[in-house]
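The sequence and structure come next.

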Amino acid sequence: MKKEILLIIFCIAVLFYGCREEHIARVNQLTKDLFCFKVGSEWTYYDSISQKQKTMVVQNYEEEKYSYPRRYGKTYDWGTLIKIDFSFFENLYIKIETKIGEDNTANFIGYYFSHPLKFKCNYDNSFNIEVNYLSTYKVNNIIYSDVYIFNDNVVKHFVSKNVGVIQIVSEQDNFNWVLIDKTVQQ
């Protein structure tokens with residue numbers, strides 16, 4: 001009788017574990033709204049200093065789940081990894097992934113205009129670098145809403161939710177790229 005009860009308990013445990021929902025650590029939604037755009041997205045910028053115009057185009061977008069060791073904090077079966085490749089002056093990229101063991105975070109590394117932008121955005125939308133928020137921001141006679149300004153003391157990235165990068169400024173490197181046209185796919 002004991003063997004039969006143990007067998008039943010074992011079968012229930014196997015069924016429960018096999019049928020349970022996967023735990024996937026998601027990327028912070030704010031980061032996705034600011035930076036995640038799919039193939040078909042393109043932005044045209046004008047540099048008021050050099051008077052050049054250039055278009056940035058998303059060439060590849062991949063979102064996948066990946067596994068990682070279960071030795072950190074809260075246990076998840078999978079993390080989320082987003083990779084976006086785009087062209088501008090050269091081939092550039094963005095990589096966004098969840099922090100091991102934390103849901104709704106984003107570890108971000110991206111290169112715009114050959115200048116790296118790196119940050120972490122936590123579940124509460126707090127950043128580990130200097131970021132200012134403007135409810136509206138006017139550039140090139142266009143008013144954008146929900147604008148975040150990422151400032152690394154060399155380059156300022158102005159990024160609008162669901163639009164992307166609207167301006168990149170560097171007094172040190174002497175440029176001021178301003179968005180003049182866009183087609184975005186999220």
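In which loop is N174 found? N174 sits in the loop between β10 (164-170) and β11 (175-183). The model is predicted, and every value below is computed from it.

Most residues other than glycine have a negative phi. N174 has a positive phi, near 60 degrees, and is a residue other than glycine.

N141 also is not a glycine, and its phi is positive at about 65 degrees. N141 belongs to the loop between β7 (131-139) and β8 (142-151). Is N141 buried or exposed? Its relative accessible area is 69%; because exposed means over 50%, N141 is exposed.

## The sheet

The strands build an open sheet of 11, with antiparallel pairing. Their order is β6-β5-β4-β3-β2-β1-β11-β10-β9-β8-β7. At the edges are β6 (115-121) and β7, each of which pairs on one side only. On average, neighbouring strands of this sheet are turned by 25 degrees against each other, direction ignored.

Strand β4 (residues 91-97) pairs with strand β5 (residues 106-112) over four bridges, in the antiparallel sense. Opposite K95 stands I109 in β5.

## The cavity

How many cavities of 30 Å³ or more are there? The count comes to one. The volume of the largest cavity is about 90 Å³.

Which residues line the largest cavity? The lining consists of L34, F35, F37, W43, M56, V58, I84, F86, I94, Y112, G164 and V165. At least two lining residues come from each of α2 (29-35), β2 (53-66), β3 (79-87) and β10. By class, 11 residues of this lining are nonpolar, one is polar and none is charged.

H157 is part of strand β9 (residues 156-160). Why does H157 count as buried? Its relative accessibility is 0%, and buried means under 20%, so H157 counts as buried.

Leaving aside residues up to four places away in sequence, H157 touches Y112, H115, P116, L117, Y148, I149, F150, Q167 and I168.

Conventions:
Residues are numbered from 1 along each chain as its sequence is written. This is a predicted model: local features need pLDDT of at least 70, side-chain atom pairs count only at pLDDT 80 or more; totals for chains, interfaces and linings use all residues. Side-chain values use heavy atoms; hydrogens and water are left out. Buried means under 20% relative accessible area, exposed over 50%, partly exposed in between (1.4 Å probe, protein chains only). Contact means heavy atoms within 4.5 Å. On a 1 Å grid over the protein atoms alone, a cavity is a set of points where a 1.4 Å probe fits but cannot get out, and a pocket is an open set with protein on both sides within 12 Å along at least five of seven lines; lining residues have an atom within 4 Å of a point. Grid points are joined across faces, edges and corners, and a volume is the space filled by probe spheres set on the points. Ala, Val, Leu, Ile, Met, Phe, Trp, Tyr, Cys and Pro count as nonpolar, Asp, Glu, Lys and Arg as charged, and the others, Gly among them, as polar. Two strands pair if DSSP finds at least two bridges between them. Axes are lines fitted to C-alpha atoms, for helices over the stretch in contact, and angles run from 0 to 180 degrees between N-to-C directions.
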